Each structure stands twice: as structure tokens, then as C-alpha cells.
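The model is a predicted one.

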Amino acid sequence: KVLIALYENETPFEPVMIDFGDPETRAALAALWPLAKIPVLEDMARGEIVPETTIIIDYLDRDYPGPVRLVPEDPEAAREMRLWDRVFDLHVQAPMQRIVGDRLRPNDQRDTFGVAESRRALTTSLGLVESAATARQWAGGDAFGLADCAAMPALFYADKVMPFGSDYPHATALLERLKARPSVARVLAEAEPWFQYFPQE
């Protein structure tokens, strides 16, 4: 999500890969952000530590703006953009991740009830996305922005967990527009070596 924002505005940064199996690397991350979750932005020039994807993108948009404004200046448009950022993170990405997480469990520890509940939640959320996508070019409105940075990973993996097929034509079209965006295409190309580890059914 954050890489899309960085690449969209060609913001210079130095990536640091985190190996959670290495105690020293994990400790270094925890020293920056005690919850030890990624991503975390360390802005050495300003002496700021910025965690959480949405907050990082807000920070970049405000303090390191580029040609593409990721959060509109108009308050109503900004509210709409942030609403859809939350929809994708909390109501598409979250149930999708619970389904994927269950696939990683030993067979005797699977949560069939939880997975069914997550699939129902994901179905409802995708219906909401489908309805909104009928009348807009991008996830949060007519311009690419914060909500699209959230929509891309959420829709990309939701389509793998619960293939859209013909059920969500407008959500599918939005996903295809996102995948064609140069910043997104770059992220996908860089992520390709790790796709083999995505747990299938």
C-alpha cells in the first residue's frame, strides 16, 4: 500500500527488509515502533517515526507532496477518500486475511466457523465496492488517491481468495485499472517472487 504511494510520486526512500525470524532485525524494528509491525517510516531528516499505512501516506502527502495529491484538499472529497481507505483496509483486507491465515493453520486447528463468517463479511463488502465502482473511475472518486493504495492489495488478494468471476464486474474493472497504473505495476513486479508462498486452498 505504501509502496504504491511512494512510487506514484517518485518519492525517494531507502527500503529496509525485515526478517522477523532474526531477533536482531526484529529488535531494531521494535526500537522504532514497539508493536513491531510493518511498515514503519523513519524520517531521519525530520526525526519522525511514522507507523501504520494510512498515517504514512497522509504524512507523505502533507510533508513530501508530489504531483499526485493522495488526499484531496476539499474536505468532503477528503472524507470520501478516507472512508474508502477504511472500507478496503477494514472490510475487504481484514476478512480476506483471516481466510488466508486459516489456510496456514494445521488441519486440526482450522476455524471453519470463522472462515464462513469472514466469507460472508467479504461478500457484503465486495457488494458495497461493486455498487460504488459503477459510478467512479477510482476507488475514492474521480482521482487516484489514498483509497486506491488501499484498494489494490485488498482487491488483488480478495480475488484470489474468493474469485470475482462475473459477480463483481465493476470491482474487477477497478482492479484492472489499478493493475495498469505504473506505480502499481511496479509493486506487482517486485512482489512476484513472493507470490509462490501465497497459501492456496
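We begin with helix 7, residues 169–180, and helix 8, residues 182–191, whose axes come within 5 Å and cross at roughly 80 degrees. Because angles of 65 to 115 degrees count as roughly perpendicular, helix 7 is described as roughly perpendicular to helix 8. On the helix 7 side the meeting involves Leu178, Lys179 and Ala180, while helix 8 brings Pro182, Val184, Ala185 and Leu188 to it. Sorted by class, this contact of helix 7 with helix 8 holds six nonpolar residues and one charged residue, with no polar residues.

A second pair can be read in the same terms. Two packed helices are described by the angle between their axes and by the distance between those axes. For helix 3, residues 53–63, and helix 4, the axes come within 11 Å and cross at roughly 150 degrees. Since an angle over 145 degrees counts as roughly antiparallel, helix 3 is roughly antiparallel to helix 4. The crossing in which helix 3 passes helix 4 is right-handed, and the residues that make the contact are Thr53, Thr54 and Asp58 from helix 3, together with Arg82, Asp85, Arg86 and Asp89 from helix 4. In this contact of helix 3 with helix 4 there are five charged and two polar residues, and no nonpolar ones.

From the helix contacts we turn to the spaces inside the model. How many cavities of 30 Å³ or more does a search of the whole structure find? The search finds two. The largest cavity contains about 40 Å³ of space, and its lining is formed by Ala5, Asn9, Thr11, Leu60, Asp61, Tyr64, Pro65, Gly66 and Leu70. Of the residues in the lining of the largest cavity, five are nonpolar, three are polar and one is charged.

The second largest cavity likewise holds about 40 Å³ of space, and the residues that line it are Trp84, Phe88, Val129, Ala132, Ala133, Arg136, Ala139 and Leu174. Helix 4, which spans 75–103, and helix 5, which spans 112–133, each supply at least two residues of this lining. Which helix gives the most to the lining of the second largest cavity? That helix is helix 5, with three residues. By class, the lining of the second largest cavity counts seven nonpolar residues and one charged residue, with no polar residues.

Key:
Residues are numbered from 1 along each chain as its sequence is written. This is a predicted model: local features need pLDDT of at least 70, side-chain atom pairs count only at pLDDT 80 or more; totals for chains, interfaces and linings use all residues. Side-chain values use heavy atoms; hydrogens and water are left out. On a 1 Å grid over the protein atoms alone, a cavity is a set of points where a 1.4 Å probe fits but cannot get out, and a pocket is an open set with protein on both sides within 12 Å along at least five of seven lines; lining residues have an atom within 4 Å of a point. Grid points are joined across faces, edges and corners, and a volume is the space filled by probe spheres set on the points. Ala, Val, Leu, Ile, Met, Phe, Trp, Tyr, Cys and Pro count as nonpolar, Asp, Glu, Lys and Arg as charged, and the others, Gly among them, as polar. Helices (H or I, at least four residues) and strands (E, at least two) are DSSP runs, numbered from the N terminus. Axes are lines fitted to C-alpha atoms, for helices over the stretch in contact, and angles run from 0 to 180 degrees between N-to-C directions. Angles under 35 degrees count as roughly parallel, over 145 as roughly antiparallel, 65 to 115 as roughly perpendicular and the rest as oblique. Contact means heavy atoms within 4.5 Å. A crossing is left-handed if the near helix is turned anticlockwise from the far one by less than a right angle, and right-handed if clockwise.
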